[in-house]
Amino acid sequence: MAVFESTPFRLTSSVYFRIAVRQKLPKVALSLALPFLILLVAGVIFDSRMLFIALMIPFIFAPVVMSHIYYSTLLQPEARRALSLQKVILEPGKSMTLVFLRKEKQSYDSGLTGDKTEESSLTSETSQVSIRKGNASVIKDEELEIIGEATYNWNRVSEISLFSRNLVIELIDISLPVVIPLSSMPADFDPYSIETVAGKK
């Protein structure tokens, strides 16, 4: 089985929020549909004022539901790590490793002359230019240092799906999914070929 290693990337919180809305909103909408329909029917049969109350339900509960999804998703301890600079080493069927990174701090000798210090600073700034690709910021590997790793066996993968040019991997007992921008994966990576232990989702 091939091993795929992504380039370093960083995701924004909006990606995780949109994924959470896609997962949780249908369940909440179903629970709100019953009182809405009851009031709608009561308004048609008994009192037309009930229709206005029914129409108020979406406007009252929609901001509450969206706030709940936001806070329950992005204020978890895992959220800070999920939004950090990282790369993924994916071995479908065996394991997945998340490698957390940060830019190396570069120090310069204060004894250098002015011209040399300027030249070295200019070279450093030029070498640290990052390239934007979709949701991910791709940075040169030599500028980064590893600050942590997390490895998951493939039998912990519960669901695999695609969302807005991102590969979304749900893990058992982990509240936030692993989200990998397809733009950061190698050209020969086929997201449709990987499966969970139970089979392709």
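This is a predicted model: local features need pLDDT of at least 70, side-chain atom pairs count only at pLDDT 80 or more; totals for chains, interfaces and linings use all residues.
Biologist: What order do the three strands of the open sheet have?
Modeller: The order is E7-E8-E9, with antiparallel pairing. Strands (E, at least two residues) and helices (H or I, at least four) are DSSP runs, numbered from the N terminus. Two strands pair if DSSP finds at least two bridges between them.

Biologist: Which are the edge strands?
Modeller: Strand E7 (157-163) and strand E9 (178-181), as each pairs on one side only. From one strand to the next, the twist averages 20°.

Biologist: How many bridges join E7 to E8?
Modeller: Six, and the two strands run antiparallel. E8 covers residues 166-171.

Biologist: And what stands opposite Leu162?
Modeller: Leu167 in E8.

Biologist: Which helix packs on the sheet?
Modeller: Helix H1 (residues 13-45), touching E7, E8 and E9. Contact means heavy atoms within 4.5 Å. The direction of H1 makes about 110° with that of E7. Axes are lines fitted to C-alpha atoms, for helices over the stretch in contact, and angles run from 0 to 180 degrees between N-to-C directions.

Biologist: New topic. Where does Met50 lie?
Modeller: In helix H2 (residues 49-74).

Biologist: What does Met50 touch?
Modeller: Leu39, Ala42 and Gly43, not counting residues up to four places away in sequence.

Terms used
Residues are numbered from 1 along each chain as its sequence is written. Side-chain values use heavy atoms; hydrogens and water are left out.
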